[in-house]
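Here is a short note to read with the model open beside you. Take the points in order and find each residue as you go.

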Amino acid sequence: MKVDPRRVRSLSSRGPGSGPVLYWMSRDQRVAGNWALLRAQERALERQTPLAVVFTLAPEFMGAPHRAYDFMLKGLAQVEGRLRAAGISFHLLFGPPDKTLLDFAARHKAGAVVTDFDPLRLKRSWKKKIALQLPVLFEEVDAHNIVPAWVASPKQEYGAYTLRPKLHKLLPDFLTDFPALVRHPFPWTKTVEAVNWDVVMDRLQPDKSVAPVRGMDPGESAGAKTLGLFIKNRLSSYADTRNDPLEEGQSDLSPYLHFGQVSAQKVALSVRRHAWDTPSGQTFLEELIVRRELSDNYCLYNPGYDSFDGFPAWAQKSLNAHRQDKRPFLYQRAEFEKAATHDPLWNAAQTEMVKRGKMHGYLRMYWAKKILEWSPTPEEAQSTAIYLNDRYELDGRDPNGYAGIAWSLGGVHDRPWFNRPVIGSIRWMTANGCKSKFDTDGYIRRVKTL
Ligand code: FAD
Ligand code: FO1
């Protein structure tokens, strides 16, 4: 079964050469259920050439600390082993891809380079530079979204309500099973020695002040296990428990989805098998498919996805009208980072993120909205929220984060609410509002035991 050509976008006008095919893996760091890998193998089989996977390791990737690299590198070590079992070599390159990937492709006279889609600015700039210099075919495959982002919509959507019908119409075409990756019949020219993963972390010298998390094992198999446990123990009550931080209601899949160690399409297929027409199944699929793919839509079509000018006009206008309002509290970034505000609930949420590497989804909204209220300007609030989110969340540096913060602070994918001091018509959340939803004291106590 061929990879649907609608999943593929060419990044330059050059045709394939006769050499081996490279899959430049970046966002979708897995072997199972990976359309970019399947497309690369398709190209290699039709040209009867070897196939290699290349990962370019960028130090200080968007400020990623030790916590993120630990999870990612352990996952990549598993990818290396699974690829070797399929007769596909794995190569880890250090440094900016517009150098290292081009050198590698030239040295091995690559005939084609396939890569995975990512709407983030850094990735697009990498690809732009490479497309100018790579002398052979260069194409990207959306292996992250179930409906390829550019197929779902040609423009930025107003909200879930406008994207949802477009996705649902296309799901029958795209929410399909995956063809199997075959054992590659054309071996890589010379033997490839295994990556020495211990050396890699030393060489990276990541910021050690944000330590690896406990309790979430990295990699494809741990991701698959997490999915299995979610389906078995939590899916059936997801609709009732997902917003209560004291219930273990969420799937805990976001780190695996962020690093591409689990395929969202495989998650959707297994949820559909078990609970398609239940309220919990529908609620979960709404989050996994509509909300998640709405974030990619936002980052793909709005160049200001991480800044004030990405907000809708009504929100910019309203926030501007309240710039002179007296803030009830004012904190510097360092005080937020140390969870040193007057609000025990906010401090608990910040502490959960720092210690556990994953703040509960419901509290992320409250947490971000309070940063807006207690910062001198909306711009400073947004940069503080992004800084803390990407420094401590294991699933940080992700379109979901930029869209989630823009929703919380700037009304993106939301609508105007009643006008209030400081935040204007941005949706308001309060500690009392949280109290009416869950046992906030119990949550604060629970976080203290972390
Ligand atoms: P579940 O409830 O089990 O959901 C399953 C999956 O559905 C998630 O992994 C995610 O892929 C998707 N999903 C769920 N809720 C959302 C949502 N609101 N928006 C987009 N996709 C969603 N998510 C990240 O992956 N990385 C981030 O850095 C991030 N930062 C956020 C910051 C703020 C201020 C807000 C409001 C939300 C943020 N989110 C982020 C979205 C959401 O909170 C997390 O995806 C979710 O809590 C992850 O936990 P889970 O996988 O157990 O969620
Ligand atoms: N992608 C890469 O191609 N090379 C990297 O060195 C790299 C490091 C990295 C560190 C932390 C992190 O959260 C993500 C990282 N990614 C890297 C990208 C990641 O796989 C995702 O593609 C984006 O962060 C989300 O779109």
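1. Start at ligand 2. One of its oxygen atoms is 2.7 Å from a backbone N or O atom of A58. This is a predicted model, so treat every distance here as computed from predicted coordinates.

2. Two further polar atoms deserve a look at ligand 2. A backbone N or O atom of T56 lies 2.9 Å from a nitrogen atom of the ligand. Q29 uses its side chain: a polar atom there is 2.9 Å from an oxygen atom of ligand 2.

3. How much of the accessible area of ligand 2 does the protein cover? On its own, ligand 2 has 510 Å² of accessible area, and the protein covers 100% of it. Ligand 2 sits in the largest cavity.

4. Now look at what surrounds ligand 2. There are 21 residues around it. The closest are S26, D118, K123, H258 and R397.

5. Move to ligand 1. Where does ligand 1 sit? It is found in the largest pocket. Ligand 2, by contrast, was placed in the largest cavity. Keep the two words apart when you describe the sites.

6. The shell of ligand 1 holds 27 residues. Y238, S251, D252, N389 and D395 come nearest. The elements that give two or more residues are α10 (254-258), α12 (279-301), α16 (361-373) and α18 (399-410). Which of the elements gives the most? It is α12, with six residues.

7. Check the polar atoms around ligand 1 next. An N or O atom in the side chain of Y238 is 2.6 Å from an oxygen atom of the ligand. For Q250, a polar side-chain atom lies 3.1 Å from a ligand 1 oxygen. L253 takes part through its backbone: a polar atom there is 3.4 Å from an oxygen atom of ligand 1. Taken alone, ligand 1 exposes 820 Å², and the protein buries 93% of that.

8. Turn to R30. It is placed in the loop between β2 (21-24) and α1 (35-47). Is R30 buried or exposed? Its relative accessible area is 2%, so R30 is buried; the cut-off for buried is under 20%.

9. What does R30 touch? Set aside its neighbours within four places in sequence. R30 is then in contact with M25, L37, V79, A143, E220, G260, Q261, V262 and S263. Find these residues in the model and see how they sit around R30.

10. Next comes a point about backbone angles. Most residues other than glycine have a negative phi. K109 is not a glycine, yet its phi is positive, at about 45°. Its place is in the loop between α3 (97-107) and β5 (112-116). K109 has a relative accessible area of 62%, so it counts as exposed; exposed means over 50%.

11. Q205 also has a positive phi, of about 50°, although it is not a glycine. Which elements lie on either side of its loop? They are α7 (197-204) and α8 (220-234). Q205 is exposed because its relative accessible area is 57%.

12. One last check for you. Compare R30, which is buried, with K109, which is exposed, and Q205, which is exposed. Each lies in a loop: R30 between β2 and α1, K109 between α3 and β5, and Q205 between α7 and α8.

Terms used
Residues numbered from 1 in each chain as written. Chains lettered and ligands numbered in written order. Predicted model: local features only at pLDDT ≥ 70, side-chain atom pairs only at ≥ 80, totals over all residues. Heavy atoms only, no water. Helix = DSSP H or I, 4+ residues; strand = E, 2+ residues; numbered from the N terminus. Buried < 20%, exposed > 50% of the residue type's maximum accessible area, 1.4 Å probe, protein only. Contact = heavy atoms within 4.5 Å. Near = heavy atom within 4 Å. Polar contact = N/O pair within 3.5 Å; in protein donor to acceptor, adjacent residues only side chain to side chain. Areas by Shrake-Rupley, 256 points an atom, 1.4 Å probe, with all protein chains shown as cover. 1 Å grid on protein atoms, 1.4 Å probe; cavity = no way out; pocket = protein on both sides within 12 Å on 5 of 7 lines; lining within 4 Å. Sits in = over half its atoms within 2 Å of the grid points.
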